[in-house]
Amino acid sequence: MSMVGTDIKSDTKSEVKYTTLFSDNREVLDSQVSDTIASQRDESIHLFQKQGIPTKKVENYKYTNMLPLFDDNYTFDFEHIVFKQDLSQIFRCDIHDLEATTVYLVNGWYYRQNQLPTMLPEGVLMGSLAEYSKSHPEIFEAHYNQYAKNEEDSLVALNTSFAQDGFFIYIPKGTVIEKPIQIVNIMHSDADLMAFPRNLVILEENAQAKILMCEHTAADYKYLLSGVTEVFVDKNAVFDIYNIQNQHNLTTNISSIFIKQKQHSSVLTHNLTLHTGVTRNNIHVHMDDEHCEAYVYGLYISDKNQHVDNFSYIDHAKPNCYSEELFKGVLDDSASAAFAGKIMVRPDAQKTNAFQRNDNLLLTDTAKMNTKPMLEIYADDVKCSHGATVGQLDNNALFYLRSRGIGSEEARILLMYAFAYEALEKVRVVAVRDQIKNLVEAVFRGELNKCDSCVLCDKEAEPGYSCI
């Protein structure tokens, strides 16, 4: 494994070590990608240097101080690593009714032994971001780094500065991929490690696809994962993306997705955080044409000292668009969470329908939730609403269940599951929805193993394979 240490001492700000790491290794960063990717680095590192790592003084990060999380001495994977184990044998899907095309990443690098179907629809491109950036420069010139908000988020700019590889999916006009595409990113190292995977997904007119993103940690080390996914959804296209997070407590996971929609397109995003250390999810949806639909959902379940921060920005830039947003959270022990969601309705976006809700259930007096739903409306012919609730289990409902002969603990589990059910029902892939329901129930019962393999898969451990 070829890695370069990042233990550069800084007498001023923590971000100095990242800018130094960048300048010292610029040639290596550029060596395996196209000029289109490499040419974006100078401006992005300048933006990062100008803004710095977000602290609570940054409005959009007021509930999560990122500075201490970036202050550890991580290593960085500058070159392809050789993963000797056969990932298709280690990770076996446990969803019997799901037929998916599975793609593996290792530390954000595309796994070269991926066995893709030989009968993908004509014109579909799927594989390494770095490799396709060289073989199809015209696509990357049109789309790469066109939707990510580097100027608004320094961590997105940092990803653009260090991005080397990730997955790339291109679905041509009129093509429908029936089977879900499952992306499994495995963090694996013999030291604390950070990674900046970059992904690009393009759906042309009338195309359809579903992506399941699964983050996995495979060793007892600290991991800092800061990924960016850009998505372009053209006219009449339909796109679902599920980000399923089930990682060990030493993981910091920052996931940013930027989606641009065109006329009559439909998009669904769903972030499911079942286990984590610190997680920050950024969801940006830009409706750049009329009659777009966006469904933005999330469910987070945390205990111990875990922390989940969900941030969303839904931009209604054109008229006659619809958005629906629902995030639900269940917090136990001393867990904490935050939700900040903004719906922006531009002056030209008449006939907008936009609805946002965040509901939270606190199981202890030490759990903490910060929620800030927001509407910013500059049009007068709209229907918009937003709201948030933070509460505890209903004692009257508990009493009712107990009076029907149900034990105290079972009654609590039933009420927690009933609370989460609305968010679970938003998963449109039936086989995935059923499996997630089982996993959520297992979390509530305390039966989910400490092993943090992909929630869609059943791991067979091999000698020397460890996790926490």
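In the predicted model, His 264 is partly exposed, with a relative accessibility of 41%. This residue lies in the loop between β14 and β15 (266-275). The phi angle of His 264 is positive, near 60°, although the residue is not glycine. A positive phi of about 60° is also found at Lys 351, likewise a residue other than glycine. Lys 351 belongs to the loop that joins β20 (336-345) and β21 (352-362), and its relative accessible area of 46% places it in the partly exposed class. Most residues other than glycine have a negative phi.

Three cavities of 30 Å³ or more were counted. The largest cavity holds about 130 Å³ and has a lining of 17 residues. Nearest the centre of the largest cavity lie Pro 197, Asn 199, Met 213, Glu 215 and Thr 229. At least two lining residues come from each of the strands β8 (181-187), β11 (208-217), β12 (223-233) and β14 (251-261). By class, nine residues of this lining are nonpolar, seven are polar and one is charged.

The second largest cavity has a volume of about 90 Å³. Its lining includes Phe 76 and Asp 77, the run Asn 107, Gly 108 and Trp 109, and also Phe 162, Gln 164 and Asp 165. Met 194, Ala 195, Phe 196 and Pro 197 complete the lining. Strands β2 (75-77) and β9 (193-195) each contribute at least two residues to the lining of the second largest cavity. Seven of the residues lining this cavity are nonpolar, three polar and two charged.

Methods. Residues are numbered from 1 along each chain as its sequence is written. This is a predicted model: local features need pLDDT of at least 70, side-chain atom pairs count only at pLDDT 80 or more; totals for chains, interfaces and linings use all residues. Side-chain values use heavy atoms; hydrogens and water are left out. On a 1 Å grid over the protein atoms alone, a cavity is a set of points where a 1.4 Å probe fits but cannot get out, and a pocket is an open set with protein on both sides within 12 Å along at least five of seven lines; lining residues have an atom within 4 Å of a point. Grid points are joined across faces, edges and corners, and a volume is the space filled by probe spheres set on the points. Helices (H or I, at least four residues) and strands (E, at least two) are DSSP runs, numbered from the N terminus. Ala, Val, Leu, Ile, Met, Phe, Trp, Tyr, Cys and Pro count as nonpolar, Asp, Glu, Lys and Arg as charged, and the others, Gly among them, as polar. Buried means under 20% relative accessible area, exposed over 50%, partly exposed in between (1.4 Å probe, protein chains only).
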